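Student: Can we go through this structure together? I would like to start with the rings and then move on to the core and the domains.

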Amino acid sequence: MKLVGPWLSGFTRRTAITMKLLGIPFEHLNLNAYTDKEEVRRYSPMGKVPALILDSGEVLIDSAGIIDVLHEAVEPERALIPPSGAARLRALQLIGIGLAIYPKLSALFDESLRPESYRLQSAIEGFAEQAVIGFKMLEEQAGDGWYVSDTLSQADIMAVVCYQAAAQFVLPDVVTAKNFPRLAALAERAMKIDAFASTVPHL
Ligand SMILES: N[C@@H](CCC(=O)N[C@@H](CS)C(=O)NCC(=O)O)C(=O)O
């Protein structure tokens, strides 16, 4: 299998972390949707990453669908999400928050690329406010282990991906270990695991 996209894409990173945690081998094609547009389109005609190229040659885009297929590929008890009940609901609630935060970070990053006179300050403030609300929700629900049943799950993966992207690149003055100590500690725990440490995003 081939995974197309850079670790700087949080959606690609969460997919890669999932593959590594599940022990599913893949070739990483480190192609950026913006700077390697033509190459990305050879695999993913709309230019979206992540794209997973299956061994059959079929292509799957969108991290949620890709992760669904990856979970299906392993024994059910190894899937990185509880199978049912209150634990699954909690995981989906947390993943939903992370999946709502990340596009706000992407939007902020995109705004930062514009010349200053073309930036829309009200939009920047709105995106940042929404992201910070999401981070506060994740912070409140974090403990001193993993989020759900103290077992590493997709909820932890998405929270760490969001926290690190915001703290490193997008909102470094606001999303700090001082303001979000439990998220910082969660990221620190995660970084002891190769799947996280080997997929650190770089600009
Ligand atoms: N919902 C999608 C979002 C993927 C996404 O927006 N990827 C960005 C990079 S982080 C991308 O492909 N941007 C290029 C574009 O939209 O043209 C997923 O979960 O995979």
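This is a predicted model: local features need pLDDT of at least 70, side-chain atom pairs count only at pLDDT 80 or more; totals for chains, interfaces and linings use all residues.

Student: What kind of pair do Phe11 and Tyr102 make?

Tutor: Their planes are at 70° and their centres 5.1 Å apart, so the pair is edge-to-face. Phe11 is in helix α1 (residues 10-22) and Tyr102 in helix α4 (residues 85-113), so the pair links distant parts of the chain, 91 residues apart. Helices (H or I, at least four residues) and strands (E, at least two) are DSSP runs, numbered from the N terminus.

Student: Is Tyr102 buried or exposed?

Tutor: Tyr102 counts as buried because its relative accessibility is 7%. Phe11 counts as partly exposed, at 22% relative accessibility. Buried means under 20% relative accessible area, exposed over 50%, and partly exposed in between (1.4 Å probe, protein chains only).

Student: And what about Phe135 and Phe180?

Tutor: Those rings have their centres 5.9 Å apart and their planes at 55°, so the pair is tilted. Phe135 lies in helix α5 (residues 121-141) and Phe180 in the loop between α6 (154-170) and α7 (181-190), so the pair ties together parts 45 residues apart in sequence. Both Phe135 and Phe180 are buried.

Student: Which residue lies over the face of Trp146?

Tutor: Arg189 does, at 5.9 Å from the ring centre. The rule is that NZ of Lys or CZ of Arg is within 6 Å of the ring centre and within 35 degrees of the ring normal.

Student: New topic. How many residues has the largest nonpolar core?

Tutor: It has 53 residues, and those with the most contacts inside it are Leu105, Phe135, Tyr147, Leu171 and Leu183. A nonpolar core is a set of buried Ala, Val, Leu, Ile, Met, Phe, Trp, Tyr and Cys residues joined through side-chain atoms within 4.5 Å.

Student: Which element gives the largest share of this core?

Tutor: That is α6, with 11 residues. Domain 1 (2-78) and domain 2 (85-197) both give residues to this core, so it lies between them. The domain bounds come from an automatic or database domain assignment.

Student: What is Leu183 in contact with?

Tutor: Leaving aside neighbours within four places in sequence, Leu183 is in contact with Phe135, Leu138, Glu139, Tyr147, Ala159 and Tyr163. Contact means heavy atoms within 4.5 Å. Another core, of eight residues, lies apart from the largest one, and Leu29, Leu31, Val49 and Ala51 are among its residues.

Student: Back to the domains. What separates their centres?

Tutor: The centres of domain 1 and domain 2, taken over C-alpha atoms, are separated by 20 Å. Their contact takes 13 residues from domain 1 and 16 residues from domain 2. The two domains bury about 1,300 Å² between them, 67% of it on carbon and sulfur atoms. Buried area is the accessible area (1.4 Å probe) that two parts lose on being put together, summed over both.

Student: Where is the peptide bond that is cis?

Tutor: It runs from Val49 to Pro50, with omega near 0°. Pro50 is in the loop between α2 (37-43) and β3 (51-53).

Student: Which residue other than glycine has phi near 55°?

Tutor: Ser149 does, and the value is positive. Ser149 lies in the loop between α5 and α6 and counts as exposed, at 57% relative accessibility. Asp150 is found in the loop between α5 and α6, and its phi is positive, about 45°, although it is not a glycine.

Student: Last one: where is His71?

Tutor: His71 lies in helix α3. At 11% relative accessibility, His71 counts as buried.

Methods. Residues are numbered from 1 along each chain as its sequence is written. Side-chain values use heavy atoms; hydrogens and water are left out. Rings of Phe, Tyr and Trp (its six-membered ring) pair if their centres lie within 6.5 Å; planes under 30 degrees apart count as stacked, over 60 as edge-to-face and the rest as tilted.
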